[in-house]
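Please take a look at the protein shown below. The text after it walks through contacts between side chains.

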Amino acid sequence: MKGGGERVSNYCRFDSQLLTAFTSSLYVAGLVSTFFASSVTARCGRRPSMIVAGVAIIAGAAIGGSAVHISMLILGRVLLGVGLGFGNQAVPLYLSEMAPPLRRGAFSNGFQLCVGLGSLAAQLVNFGTEKIKGGWGWRVSLAVAAVPAVFLAVGAVFLPETPNSLVQQGKDRDEVRDLLRKIRGGGTDSKWVEDEVDDMVAAARSSSSKVTAWRGLKMMVSKRRYRPQLVMAVMIPFFQQVTGINAIAFYAPVLLRTVGMGESAALLAVVAKQTVGVGATLASMFAVDRFGRRTLFLAGGSQMLVSQVLIGGIMASQLGDDGEVSKACAVALITLIGVYQAGFGWSWGPLGWLVPSEIFPLEVRSAGQSIAVAVNFLLTTAVAQSFLAMLCHMKAGIFFFFAAWLVTMTVFVYLFLPETKGLPIEHVERLWAHHWFWKRFVARE
């Protein structure tokens with residue numbers, strides 16, 4: 001009920017501009033900072049960006065946890081966003097470049113696994129702090145973000161730079177070869193190491209001069225031979241967000257409370273959902289290099305599509321503007337959200353980060369990753385700003401809205417994304433010249 005006795009629809013109970021502004025401030029900061037992170041990553045290497053990410057998140061967690069008014073909370077969120085901008089720019093590139101070609105999918109999907117584990121830990125913390133008396137549990141929830149950030153910042157100090165980045169910076173070939181031999185293991189055939197170094201050097205020489213991040217962005221937009229990668233850098237993160245995952249991830253407790261669950265029960269259900277997602281992402285690490293990226297995209301997209309349609313159907317038929325759904329329907333919704341989370345966890349979740357990190361030539365890799373990260377943040381911000389209002393106005397139709405996008409993205413992958421499994425990262429760009437559609441752009445330049 002609003003003031004004056006006005007009745008509020010179940011779908012509009014949590015439509016708060018302050019909540020959406022607080023949620024979105026992190027992603028706006030990440031969107032802006034990723035372009036600065038691109039320059040640092042290209043000029044100085046992947047490690048410095050990872051260190052900056054850790055330090056920014058530590059600062060943001062400290063300010064948020066000690067906040068005494070809303071401006072401090074938002075400042076803390078902004079610093080967390082800066083950390084995410086630098087981290088999402090550098091970490092996927094680091095993993096893709098350090099991984100052996102035949103296991104690159106598994107290594108890179110570890111990024112999403114850690115994101116899922118972090119989200120699960122956050123939900124467990126929220127579930128625990130919600131029971132703290134005195135109303136200060138939220139400070140613990142915000143402050144503990146510093147814990148993984150310390151591991152990131154300190155760990156990055158002791159990690160080696162990627163061989164690809166060292167070549168890009170003009171380091172000595174012998175130094176790069178020795179590092180790569182150490183990374184690949186002492187028993188690795190020296191010819192394989194030499195061939196891999198040759199690929200990196202050839203990729204670095206393919207550009208007439210050192211390419212800055214900003215010049216790389218211009219090249220991506222202006223040169224036809226980068227058109228396939230540019231389209232993927234935009235469309236894959238775009239599709240990742242319009243699966244509806246962040247709508248459910250941000251507001252799953254709100255959504256479950258909408259159907260009548262109590263706050264503690266809703267948080268516990270979200271913990272269970274996140275556990276399913278982590279398990280699915282772990283499974284994808286074993287499957288991605290065996291079955292390929294396309295297979296997981298297509299199967300996971302179909303699984304999410306069916307789940308979204310069924311969730312929307314139950315909500316439309318069982319939940320009106322007043323009242324609650326039955327316990328059986330609430331259980332069915334929780335189960336379907338779990339099925340949906342599993343589909344995302346072994347397809348668009350990890351692959352939405354893996355594919356953009358492995359498709360770019362070395363000279364524009366940092367710039368291309370910045371585009372992918374920026375689109376991800378832009379769409380995340382849009383979803384965060386609009387989901388509660390869309391839920392209020394579209395009601396159960398919002399789930400059919402996301403289902404329509406799932407159909408679109410599944411068709412897109414089937415028609416336009418070539419398979420990249422097992423290829424050395426510096427060979428992936430050769431795929432486009434043999435693709436039925438993209439070859440017209442690559443061959444003409």
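The paragraphs that follow treat salt bridges and then aromatic pairs.

This is a predicted model, and it holds 14 salt bridges. One of them joins Arg46 and Glu97, whose closest N and O atoms are 2.7 Å apart. Arg46 belongs to helix H2 (residues 46-65) and Glu97 to helix H3 (residues 70-98), so this pair links distant parts of the chain, 51 residues apart. Is Arg46 buried or exposed? Arg46 has a relative accessible area of 0%, and buried means under 20%, so Arg46 is buried. Glu97, at 2% relative accessibility, counts as buried too.

Another salt bridge is formed by Arg293 and Glu358, with 3.0 Å between the closest N and O atoms. Here the linked parts of the chain are 65 residues apart: Arg293 is in helix H14 (residues 293-318), and Glu358 is in helix H16 (residues 348-358). Arg293 counts as buried at 1% relative accessibility, and Glu358 is buried with a relative accessible area of 0%.

A further salt bridge brings the side chains of Arg173 and Glu194 together, at 2.9 Å from N to O. Because Arg173 lies in helix H8 (residues 173-184) and Glu194 in helix H9 (residues 190-205), the pair ties together parts that are 21 residues apart in sequence. How exposed is Arg173? Its relative accessibility is 31%, which falls between the limits of 20% for buried and 50% for exposed, so Arg173 counts as partly exposed. Glu194 is also partly exposed, with a relative accessible area of 24%. Both residues belong to a network of salt bridges that share partners; its members are Arg173, Asp174, Arg177, Asp178, Arg181, Glu194 and Asp198.

Next come the aromatic rings. The structure holds 18 aromatic pairs. A pair of aromatic rings is described by the distance of the centres and the angle of the planes. For Phe297 and Trp348, the centres are 4.4 Å apart and the planes make an angle of 55 degrees, a tilted pair. Phe297 is in helix H14 and Trp348 in helix H16, and this pair links distant parts of the chain, 51 residues apart. Phe297 counts as buried at 1% relative accessibility, and Trp348 is buried with a relative accessible area of 1%.

Phe437 and Phe441 form a tilted pair as well, with 5.7 Å from centre to centre and 55 degrees between the planes. Phe441 counts as buried, at 15% relative accessibility. Which cluster do these rings belong to? Ring pairs link Phe297, Trp348, Phe437 and Phe441 into a cluster that also includes Phe238, Phe239, Trp405 and Phe412.

Conventions. Residues numbered from 1 in each chain as written. Predicted model: local features only at pLDDT ≥ 70, side-chain atom pairs only at ≥ 80, totals over all residues. Heavy atoms only, no water. Salt bridge = Lys/Arg side-chain N within 4 Å of Asp/Glu carboxyl O. Helix = DSSP H or I, 4+ residues; strand = E, 2+ residues; numbered from the N terminus. Buried < 20%, exposed > 50% of the residue type's maximum accessible area, 1.4 Å probe, protein only. Phe/Tyr/Trp six-rings, centres within 6.5 Å; stacked < 30°, edge-to-face > 60°.
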